[in-house]
Amino acid sequence: MRISEQWLREWVNPSLSVEDLGHQITMAGLEVDAIEDVAGAFSGVVVAEIVSAEPHPDADKLQVCQVNAGDETVQIVCGAPNARAGLKAPLATVGAVLPGDFKIKKAKLRGVESFGMLCAAQELGLSDDNAGLLELPDDATVGADLREYLDLDDHAIEIGLTPNRADCLSIAGIAREVGLLNDMAVTGPSITPCAVTLDRQVDVDLQASPRCPRYLCRVIEGVDLSRPSPLWLQEKLRRCGLRSIDAAVDITNYLLLELGQPMHAFDLDKLRGGIVVREARAGETIKLLNDQEITLREDNLVIADHEAPVALAGIMGGAESAVGAATTRLLLESAYFAPVPLSGQARSFGLHTDSSHRFERGVDFQLQRDAMERATALLLEIVGGEAGPITEAASDDIPSPAPVRLREARIERLLGVAIPAADVERILSGLGLGVTVVDGGWECTVPSWRFDIAIEADLLEELARVYGYNRLPVSPIRGDVTLPAVPEARLGLREFRRALIARDYFEAISYSFVDEELQRLFAPDVQPVALTNPISPEHAVMRSSLLTGLVRAAQHNLKRQQPRVRFFESGLRFVPGPDGLSQRPGLAMLITGPAAEEGWNSEARSVDFYDLKGDVEALLDLTGDVASFRFERAEHPALHPGQSAALLRGDVQVGVLGALHPTVQKTLDFDGTVLVAEFDLELLSQARVPAFSPVSRFPALRRDIAVVVDESTSAGELLGSVKEAAGVYLTDLTLFDVYQGKGIDPNRKSLALGLTFQDQSRTLDDDEVNKCLQQVVDSLREKYNAELRG
């Protein structure tokens, strides 16, 4: 929000310098980002009138002008296209200093002497306009100092408002704050009903009343828009960052800045029938004032006549009904649009306007009639005409804020200071709240311009900022600190992070919303949660897999010559289900490139499935319950069918791991093998509490066997069968060799197992161990058609 200091002081004028005023506003929660001069530093510039303008004898684009500077007539050589006899413009006389310490001297241009320079707005630091001379009003006093004539000793104050403070998006709103902070009365313009001299009205059909609870319009005939806006109006707009267009548009912009009410003016002769406030019909189009043609959706709110939309409600008017210099009849609009339904509508078309900025945050829903009367008075004063009666359409959907109660005891408890009751009532009343003393505190009615006050905490926030954050005492926070119990049977995320970082992984943090097409590569059967108002197509849905973020991060790094990528990420996954949206924490991993950093002591090879599996097993070791996990061959739509597995804990699947499917890898433009894993963090975090187990005093016996089984037999499944058949004396089981080759059927493989037997109470003899071993062999022969190898 950019405002003029002088304009603000017309409403309330505290005895503060502009720097102190900016500091005061900032400390009240309205951060001042910048204070700038409204014009560049210049001197020696006066109001002058061009008496004559003749072509330069030796230059087609230059003119030799005789200029009345007040006390003398001087000759100026000028190249501005709008230089003409009778024009009043700024003249920098010989000896003048312009912004940038540019000194004006007597010069000779193409053989013709020039005693000064006629100036454009850009050359004076007023704006970026350098298309021609700055044209001054016909009644400007020739010879007057330009800085004094335009009252340029002013400052533009740039205020960075948070979205909840829509009430300060106007001079009136900022003036309310400054008046309260300085305990001064605020004096705005007197607004009285304008005389109605026409009986012409336009009917309004309010079909979408929940989205537009109040709509006012008024016919004004006989206007002359060829008249320029007065200089005071143009200057106020310029100092607030808006350029002058024509009187009708300038006045609506002026009301937007002064009162905070966006308005619009239609050319009445271009409307067909009355006004209809409705939702758009699918396929309707409208060309906006910025010449952008858009196709409307059914959720768009439009202002239409009886044939087609003429404005995108609360955002921008249509080009076909725009006013121009030939317009003589206006239809002036002033409306209230509900903030929530309008939110995001402008952005969906790539727009952001001053109107949408205010309506999305909330406009005073009682302001429309005052704004209409104020705009009408200015129009009649500046461009003439006659005004008809105001047509108002309103519904019961106009907001009705509930009273908010403030307990006196809560003030000291939450703010740390006891504010006197008189000060509390002064502050709340100064904010525009209706204050009634009740038992134990106050009951406050919320004004129509404050959409951010709904609960007691909001009132406490207002008290704190107006009373002064710097006046609140600094004291240690006191309270009972209860340390939460940390269950030993659950691992924290920190342990997994440390383990992965120790294995050369880097943690990645990506957005929770991702590209829908990318999401479907990893979860084609899941319908992701779509964002109503995504910031871009690449962030359109909530992720149901963490792998989407990791592959994007891998792509980014590989394209920047980082050949070895090892990432992990933890976070929530958003998976729709029959019981609603499930938000489950997950842990994902990705590796690609060389298995180890290049060096003399490591073999140069690319990562493979077993590198990733080894990293996963290192995580499983942290649980102290590795035996409860097992890997099983499994298929996943995004993973290679021959290089993927599921991790199970009992009969519950914890996650999946494997190489990306070749089709997915090609789609994502990866050259080398990419291996990924993703797990449910809650299932993975369950750990076994360590318990003491005495070391047996009796010797252990180990037996090694090699069994030949079908090539398709899972080693993990076979080891499980061995554990079941070996009995209670088995204390350790190791798979120490897998062999395929000479002496073995090509369709079979040899698995070498090491079995260790031991008892806590006695020494096992060979017969007992051999009996257990025979049980194992018999079981494997029955289940897997296994044979003992040689």
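Is Asp651 buried or exposed in this model? Asp651 counts as exposed, at 72% relative accessibility, where buried means under 20% relative accessible area, exposed over 50% and partly exposed in between (1.4 Å probe, protein chains only). Before going further, a word on ground rules: the model is predicted, so local features need pLDDT of at least 70 and side-chain atom pairs count only at pLDDT 80 or more, while totals for chains, interfaces and linings use all residues. Residues are numbered from 1 along each chain as its sequence is written, and side-chain values use heavy atoms, with hydrogens and water left out.

Asp651 has a partner. Its side chain meets that of Arg630 in a salt bridge, at 3.9 Å from N to O; a salt bridge here is a side-chain nitrogen of Lys or Arg within 4 Å of a carboxyl oxygen of Asp or Glu. The pair ties together distant parts of the chain, 21 residues apart: Asp651 sits in the loop between E32 and strand E33 (652-660), and Arg630 belongs to strand E31. Helices (H or I, at least four residues) and strands (E, at least two) are DSSP runs, numbered from the N terminus. Arg630 itself is partly exposed, with a relative accessible area of 32%.

A second pair of this kind joins Arg748 to Asp710, with N and O 2.7 Å apart. Again the link is between distant parts of the chain, since Arg748 is in strand E37 and Asp710 in strand E35 (residues 701-710), 38 residues apart. Arg748 counts as buried, at 10% relative accessibility, whereas Asp710 counts as partly exposed, at 33%. Arg605 and Asp611 make another salt bridge, their closest N and O atoms being 2.8 Å apart. Here Arg605 is partly exposed, with a relative accessible area of 34%, while Asp611 is buried, with 19%. Across the whole structure, the search turns up 57 salt bridges. The idea behind them is simple: side chains of opposite charge can pair when their charged atoms come close.

Asp611 also belongs to the buried residues of helix H17, along with Phe609, Leu612, Lys613, Asp615, Val616, Ala618, Leu619 and Leu620. H17 has 14 residues and reaches 21 Å from its first C-alpha to its last, close to the 20 Å expected at 1.5 Å a residue (the expected span is 1.5 Å times one less than the number of residues). Asp608 caps the N-terminal end of H17, with a side-chain oxygen 3.0 Å from the backbone nitrogen of Tyr610; a polar contact is a pair of N or O atoms within 3.5 Å, where, within protein, one must be able to donate a hydrogen and the other to accept it, and residues adjacent in sequence count only if both atoms are side-chain atoms. After H17 comes Gly624, whose phi is positive, near 70°.

Rolling a probe the size of a water molecule over the atoms shows where empty space is left. On a 1 Å grid over the protein atoms alone, a cavity is a set of points where a 1.4 Å probe fits but cannot get out, and a pocket is an open set with protein on both sides within 12 Å along at least five of seven lines; lining residues have an atom within 4 Å of a point. Grid points are joined across faces, edges and corners, and a volume is the space filled by probe spheres set on the points.

The second largest pocket holds about 1400 Å³ of space. Its lining has 40 residues, and Lys613, Phe631, Ala715, Gly716 and Leu719 lie nearest its centre. Elements giving two or more residues to that lining include helix H17 (609-622), strand E31 (629-633) and helix H20 (715-726). The largest share, 7 residues, comes from E36. By class, this lining has 16 nonpolar, 13 polar and 11 charged residues, with Ala, Val, Leu, Ile, Met, Phe, Trp, Tyr, Cys and Pro counted as nonpolar, Asp, Glu, Lys and Arg as charged, and the others, Gly among them, as polar.

As for cavities, the count comes to 1 of 30 Å³ or more. The largest cavity has a volume of about 50 Å³, and among the residues that line it are Arg165, Asp167, Glu177 and Arg450. Helix H4 (residues 171-181) gives the largest share of the cavity lining, 3 residues.
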